[in-house]
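I'm opening a page for this two-chain model and will jot things down as I look them up. Confidence goes ahead of everything else.

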Amino acid sequence: MPNQSPPTRYSAVAQGFHWIIAALIVTQFTLAWLADDLPLGARKLVLLARHKSFGMTILMLAVLRLVWRLFNRPPELPAGMTSIERTLARGTHMLFYALLFVMPLTGWMMSSAKNYSVSWFDQFTWPNLIAPDERAFAVLRTVHDTLSWLLFAVAILHILAALKHHFWNKDDVLKRMLPFTKSEKRS
Amino acid sequence: MKKFFVAVMSCVALVAAAAGAGNAAGYTADPQQSRLEFAGVQAGAEFKGVFHKFTAAVDFAPDALASSRIDVQIDMASVDSLDKDRDTTIRGKDIFDVAHNATAHYVTKTISKTAAGYAAVGSLTLRGVTKDVPIEFQFTPAAGSAKLAGTAKLNRLDFGVGQGDWKSTETIGDAVKINFSLVLKPKT
């Protein structure tokens with residue numbers, strides 16, 4: 001890599017991954033909540049079909065993002081952070097990466113177990129990961145639901161932490177992930 | 001007198017031969033080994049199901065297609081798409097309406113030879129609607145049995161399969177593929 005010193009801002013690619021996936025996750029929660037209350041009907045199937053298509057999009061983006069992340073250093077955490085804060089920040093980010101894979105994969109397995117194969121926006125159909133199985137579906141559904149609450153909680157923590165850095169610590173942790181802004185130069 | 005006797009015997013033989021040629025062998029499908037499968041498209045992805053209960057009476061001989069016939073009765077409530085929720089919905093009044101149309105019936109009207117095997121046109125009565133549906137199949141005789149396997153395509157909306165919300169072909173495609181594989185045993 002030409003640049004040996006860590007960057008001070010997230011690159012455009014990193015910001016792109018971050019905000020696109022964030023928007024997709026918000027969409028996912030919305031679609032899941034809308035579909036959850038509906039009886040089995042055309043509208044529910046449409047909502048869940050979109051949920052699955054967006055979910056598979058997130059999975060594909062997660063693969064690209066992880067590969068990209070392995071070869072590109074993110075900016076360093078601000079110097080003033082305590083070791084507990086650093087551990088918490090790293091743990092949160094690792095959990096996010098894990099959930100970016102686990103959420104779509106458990107969803108995909110759920111669909112397979114229920115014999116409702118996953119289409120990607122009507123363009124092609126993903127293969128079933130497991131054979132149809134009612135009990136497997138029930139277990140996977142519980143896992144997918146529970147992890148969605150974990151994801152929700154981690155996202156809230158992540159947002160509150162970003163706001164705390166911005167308004168309380170007055171550092172550039174939030175700004176360096178925002179497009180169209182400039183981070184203050186830190187020496 | 002002798003001439004007359006020969007003439008009579010010849011007539012008997014001719015009639016017997018004619019009757020023999022026109023008689024297709026009678027079979028019934030073995031329910032254990034026979035399979036009736038359908039495939040539709042749901043939210044962009046194919047899903048498959050089977051009917052567990054159906055009976056098929058088949059009269060068939062390759063050299064007597066005119067008197068050959070395939071007659072199938074399907075118990076619509078025996079539908080199984082490997083998901084109970086979906087099966088309950090399919091049996092409901094908007095789709096199969098099994099409460100009012102418990103069985104579907106298919107019987108061939110004409111059977112003809114094709115390059116690949118045989119083609120037939122038959123009338124399908126499904127959800128109270130009767131319409132012609134063509135099928136293509138292969139007939140493979142074996143010792144003491146025979147196999148009849150083939151495919152058909154139909155449009156579910158031709159038969160009113162899908163009312164209300166389910167009329168839309170955006171969520172559930174109109175085209176349905178049918179696959180069947182019958183193991184035939186001689187009629188007893």
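**Confidence**

For my own reference, pLDDT is the predictor's confidence in each residue, from 0 to 100, and two residues are in contact if their C-beta atoms, placed from the backbone, lie within 7 Å. Where pLDDT is low, the predicted coordinates should not be read in detail.

Chain B averages a pLDDT of 90, with 88% of the residues scoring at least 70. For the complex, the predictor gives an ipTM of 0.76 and a pTM of 0.82.

Ground rules: this is a predicted model, so I take local features at pLDDT of at least 70 and side-chain atom pairs at pLDDT 80 or more, while totals for chains, interfaces and linings use all residues. Residues are numbered from 1 along each chain as its sequence is written, and chains are lettered from A and ligands numbered from 1 in the order in which they are written.

**Chain A, overall**

I get 4 helices and 2 strands in chain A, in the order α-α-α-β-β-α along the sequence. Helices (H or I, at least four residues) and strands (E, at least two) are DSSP runs, numbered from the N terminus. The C-alpha trace of chain A spans about 60 × 35 × 25 Å along its principal axes.

Of the 187 residues in chain A, 22% are buried. I call a residue buried if 20 or more other C-beta atoms lie within 10 Å of its own, exposed if 12 or fewer, and partly exposed in between, with C-beta atoms placed from the backbone. Of the contacts in chain A with a separation of 6 or more, 62% are between residues 24 or more positions apart.

**Helix α4(A) and its end**

How many residues does α4(A) have, and how far does it reach? I find 35 residues and 50 Å from the first C-alpha to the last, close to the 51 Å expected at 1.5 Å a residue. The expected span is 1.5 Å times one less than the number of residues.

Buried in α4(A) are Phe137(A), Leu140(A), His144(A), Leu151(A) and His165(A). Their cover includes α3 (83-113) of chain A. I note the general rule that an α-helix has 3.6 residues a turn, so residues three or four places apart point the same way.

Just after α4(A), Lys170(A) takes a positive phi of about 50 degrees, although Lys170(A) is not a glycine. Is Lys170(A) buried or exposed? Lys170(A) is exposed, with 9 other C-beta atoms within 10 Å.

**Chain B, strands and turns**

Chain B comes to 2 helices and 11 strands, following α-β-β-β-β-β-β-α-β-β-β-β-β. Of its 188 residues, 28% are buried.

I followed β2(B) both ways. Strand β2 (residues 35-42) of chain B pairs antiparallel with strand β11 (residues 175-186) of chain B over 5 bridges; there, Phe38(B) has Ile178(B) as its bridge partner. Pairing needs at least two DSSP bridges between the strands. β2(B) also runs antiparallel to strand β3 (residues 45-51) of chain B, joined by 6 bridges, where Val41(B) is partnered by Glu46(B). The hairpin of β2(B) and β3(B) has 2 residues between the strands, and in this hairpin Ala43(B) takes a positive phi near 50 degrees.

Arg127(B) is another non-glycine with a positive phi, about 55 degrees. I place Arg127(B) in the loop between β8 (118-126) and β9 (129-142) of chain B. Arg127(B) counts as partly exposed, with 19 C-beta neighbours inside 10 Å.

**Cores**

The largest nonpolar core has 51 residues, and those with the most contacts inside it are Ala56(B), Val58(B), Ile74(B) and Leu182(B). A nonpolar core is a set of buried Ala, Val, Leu, Ile, Met, Phe, Trp, Tyr and Cys residues joined through C-beta atoms within 7 Å. Another core lies apart from it and has 6 residues, among them Ile58(A), Leu99(A), Leu100(A) and Leu151(A).

Leaving out residues up to four places away in sequence, Ile74(B) touches Leu36(B), Phe51(B), Phe54(B), Thr103(B) and Ala104(B).

**Interface**
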